[in-house]
Amino acid sequence: MAGILDLLNSDMGKTIISGVADQSKQSESKTQDVLTMALPVLMQAMKRNAASSQGAEGLMGALNSSKHDGSILDNLGELFSGGVDTSVTNEGDKILNHVLGNKKSNVEKAIGLKTGMDANSVAQILKVAAPILMGLLGKQSREKNVNSSSGVEDLLGGLLGGNSKNNEQSFLESILDADGDGSIMDDVANMVLNSGKKKGGLGGMLGGLFGK
């Protein structure tokens with residue numbers, strides 16, 4: 001299964017990056033940096049939530065709804081034409097609140113600090129990216145006939161990269177466990193330095209991106 005970061009390097013990914021950049025009034029390179037970091041973090045958060053039966057049922061219910069059937073991916077030109085509709089960004093905000101809970105602002109702050117973008121701009125990017133990500137997951141779940149909690153976890157794990165190393169998972173966990181007291185940046189820096197030693201996989205990409 002192709003990973004989530006492979007999507008960003010595809011033609012569809014370039015369309016998403018360009019559209020989100022226009023919407024957030026940020027450069028495409030900065031937008032790509034944010035998405036490269038944020039999408040795995042969001043998926044790791046979903047994977048954590050899906051570890052409980054209640055969380056898995058909730059995610060399955062969302063993915064099975066018509067809202068996230070993947071049709072958003074078929075109409076990217078229409079989505080970004082003239083600016084993203086507020087109904088999409090409102091839905092994105094709901095998704096982020098559900099997935100990240102009280103960690104949302106800390107995650108946005110941490111991503112902003114590591115990418116050199118203010119947290120408000122990161123938040124705008126994530127509000128557009130979240131419905132697109134849910135559309136991708138919904139489409140994948142239909143194609144693979146996912147109908148169990150273990151299936152949801154496998155789906156997320158596959159898109160994250162099933163062979164990701166422990167320190168790469170720890171990097172994502174560090175972002176999600178940010179408590180706003182400042183110490184998170186030391187933890188993240190350590191994880192980035194460790195991950196950056198590897199050439200391939202999620203850690204290599206994140207390490208290369210944030211080790212500048």
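**View 1. Cavities in the predicted model.** The structure contains 2 cavities of 30 Å³ or more. The largest cavity holds about 70 Å³ of space, while about 40 Å³ lies in the second largest cavity.

**View 2. Residues around the largest cavity.** The lining of the largest cavity is formed by I4, L7, L8, I16, L35, L39, A129, I132, L133 and L136. Two or more lining residues are given by each of the elements α1 (4-8), α3 (28-49) and α9 (119-143), and α9 provides the largest share, with 4 residues.

**View 3. Residue classes in the lining of the largest cavity.** When the lining of the largest cavity is sorted by class, it comprises 10 nonpolar residues, with no polar and no charged residues. I4, I16 and A129 are among the residues that line this space, whose volume is about 70 Å³.

**View 4. Residues around the second largest cavity.** M60, L63, N64, S141, V146, V152 and L155 line the second largest cavity, and at least two residues of this lining are supplied by each of the helices α4 (53-63) and α10 (149-160).

**View 5. Residue classes in the lining of the second largest cavity.** The lining of the second largest cavity divides into 5 nonpolar and 2 polar residues, with no charged residues.

Note on methods:
Residues numbered from 1 in each chain as written. Predicted model: local features only at pLDDT ≥ 70, side-chain atom pairs only at ≥ 80, totals over all residues. Heavy atoms only, no water. 1 Å grid on protein atoms, 1.4 Å probe; cavity = no way out; pocket = protein on both sides within 12 Å on 5 of 7 lines; lining within 4 Å. Points joined across faces, edges and corners; volume = space filled by probe spheres on them. Nonpolar A, V, L, I, M, F, W, Y, C, P; charged D, E, K, R; others polar.
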